[in-house]
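Here are a few notes from my pass through this one, with the packing first. Have the viewer open as you read.

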Amino acid sequence: MNPIVAIAAGLYLFTVAVSDFRSRKISNRHNIGAALVAFILQFITSGIGGVSAAALGFAAGFLILLLPFACGLLGGGDVKFSAAAGAFLGWRILLIGLAGGIILGGVVAMVSLISQRQMSTAMKRLWGDLYSIAAGVRPTALQQAATVKTIPYGVMLAIGIAGAMAAHTWRLI
């Protein structure tokens, strides 16, 4: 990965994490601006091949989180954030980072539920939601449970993606 692209991606991850932590929102301005910067930097540093890699990463980031968004499990800002991050990093690093962020988000959510003594209620609602998804109906129980206390999921995704960037930089992946 080109160092200029890596620095820009790191700054984007940081600003999104701070924004999501403070307001539980990831603005379209951040996401659209970052995606444009990513495509421009990819073109400058790698030519048409870089733009192609950015387009694949963008599509992968968007499509992977589209179903959870459609089911009401996360917000639209998270989907657009994932797409813009994919434009910076390409689909391979993004997939590894999203996997790490999703796992981290699950752990943080479980700890939050346990600390609030809401774990059994949430698990019952989860099974109901899974049944709804299988039946083709939009689930509502997780959305209702999320109104009790939410976690900034974009922060978890940013940490996972930053971890994948670091692992790639140190040639661990």
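1. Start with the packing in this predicted model. The largest nonpolar core has 33 residues, and the members that touch the most others are Tyr 12, Phe 81, Phe 88, Leu 89 and Ile 161. Helices H1, H2, H3, H4 (91–115) and H7 each put in at least two residues, with H7 giving the largest share, eight. As background, nonpolar side chains in soluble globular proteins tend to be buried together.

2. Have a look around Phe 81. Leaving out residues up to four places away in sequence, Phe 81 touches Tyr 12, Leu 13 and Val 16, plus Ile 26, Asn 31, Gly 154, Leu 157, Ala 158 and Ile 161.

3. Now H1 itself, residues 3–23. Its 21 residues reach 30 Å from first C-alpha to last, close to the 30 Å expected. The buried set in H1 is Val 5, Ala 8, Ala 9, Tyr 12, Leu 13, Val 16, Ala 17, Ser 19 and Asp 20. What covers them includes H2 (28–70), H3 (76–89) and H7 (153–169).

4. Why does Ser 19 count as buried? Its relative accessibility is 17%, and the cut-off is under 20%, so Ser 19 qualifies. Ser 19 sits in H1 and touches Arg 24, Lys 25, Ile 26 and His 30, again not counting residues up to four places away in sequence.

5. Check both ends of H1 too. At the start, a side-chain oxygen of Asn 2 comes within 2.7 Å of the backbone nitrogen of Ile 4. Just after the helix, Arg 24 has a positive phi of about 60°.

Technical notes. Residues numbered from 1 in each chain as written. Predicted model: local features only at pLDDT ≥ 70, side-chain atom pairs only at ≥ 80, totals over all residues. Heavy atoms only, no water. Helix = DSSP H or I, 4+ residues; strand = E, 2+ residues; numbered from the N terminus. Expected span 1.5 Å × (residues − 1). Buried < 20%, exposed > 50% of the residue type's maximum accessible area, 1.4 Å probe, protein only. Contact = heavy atoms within 4.5 Å. Polar contact = N/O pair within 3.5 Å; in protein donor to acceptor, adjacent residues only side chain to side chain. Core = buried A, V, L, I, M, F, W, Y, C linked by side-chain atoms within 4.5 Å.
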